[in-house]
Amino acid sequence: ELGATFDLYQEFDPTIIGIQECNKNWSLYDRTDGPTREVIKRRWTGAKIVTAHCKEKVFTGPHQPGGIAQMTLKKITGRVVSHGKDTLGRYAWQEILLNGERTLIVITAYRIPQDSLTGCGPETSAMQQWRSLRSQGIEIPKPRQQVLDDLITFLKPHEAKGNEVIIMMDANSPT
């Protein structure tokens with residue numbers, strides 16, 4: 001399944017691929033992360049891959065709602081100077097050296113569609129984020145807005161340095 005998807009992507013000769021709402025428990029290396037890396041590296045040798053999901057112990061199988069994956073491919077991988085991910089599995093990023101000290105931050109992000117958690121099941125990405133934000137001391141979490149606030153906080157130092165930013169986001173918004 002993944003191979004066919006990446007074969008299709010390969011036809012477009014991408015440099016960076018971002019996938020939102022992967023629905024993978026990336027903690028299970030042998031069942032999710034490892035096979036994904038193998039499929040990608042067969043098509044793009046040297047690819048740099050970063051994945052993120054909300055780490056909750058209740059998910060013991062390979063399926064987990066939400067999460068993201070980002071891959072840099074081809075020659076640009078040699079210019080990746082750092083990478084990271086959000087602990088709630090909402091976004092991951094790679095920092096690519098442009099020239100001298102200037103960099104490009106490429107972010108792949110997923111924003112839940114729910115404004116309200118009424119009717120959300122306990123395993124949804126929305127509820128995972130809500131529980132995680134509660135555990136951080138936020139009394140009335142608003143995960144849909146929080147991802148935007150956290151992205152702004154993350155990006156301010158990069159903007160102050162004059163770095164470039166690309167955000168690839170499933171914003172779940174009609175506008």
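H158 sits in helix 4. The model is a predicted one. H158 is buried, because its relative accessible area is 12% and the cut-off for buried is under 20%. Leaving aside residues up to four places away in sequence, H158 touches E95, I105 and N163.

Now take the helix as a whole. Helix 4 covers residues 143-160 and lies across strand 5, strand 6 and strand 7. Helix 4 runs at about 170° to strand 6.

Four strands form an open sheet in the order 4-5-6-7, and their pairing is mixed. Strand 4 (80-85) and strand 7 (164-170) are at the edges. Each has a single partner strand, so one side of each lacks a neighbour in the sheet. From one strand to the next, the twist averages 15°.

Strand 5 spans residues 91-99, and strand 6 spans residues 102-110. These two strands pair in the antiparallel sense, over eight bridges.

Helix 1 (2-10) and strand 3 (68-72) each supply at least two lining residues. The residues lining the largest pocket are E1, L2, T5, F6, Y9, I19, C22, K24, W26, T36, A69 and M71. By class, eight of the lining residues are nonpolar, two are polar and two are charged.

Note on methods: Residues numbered from 1 in each chain as written. Predicted model: local features only at pLDDT ≥ 70, side-chain atom pairs only at ≥ 80, totals over all residues. Heavy atoms only, no water. Pairing = 2+ DSSP bridges. Axes fitted to C-alpha atoms, helices over the stretch in contact; angles between N-to-C directions. Contact = heavy atoms within 4.5 Å. Buried < 20%, exposed > 50% of the residue type's maximum accessible area, 1.4 Å probe, protein only. 1 Å grid on protein atoms, 1.4 Å probe; cavity = no way out; pocket = protein on both sides within 12 Å on 5 of 7 lines; lining within 4 Å. Nonpolar A, V, L, I, M, F, W, Y, C, P; charged D, E, K, R; others polar.
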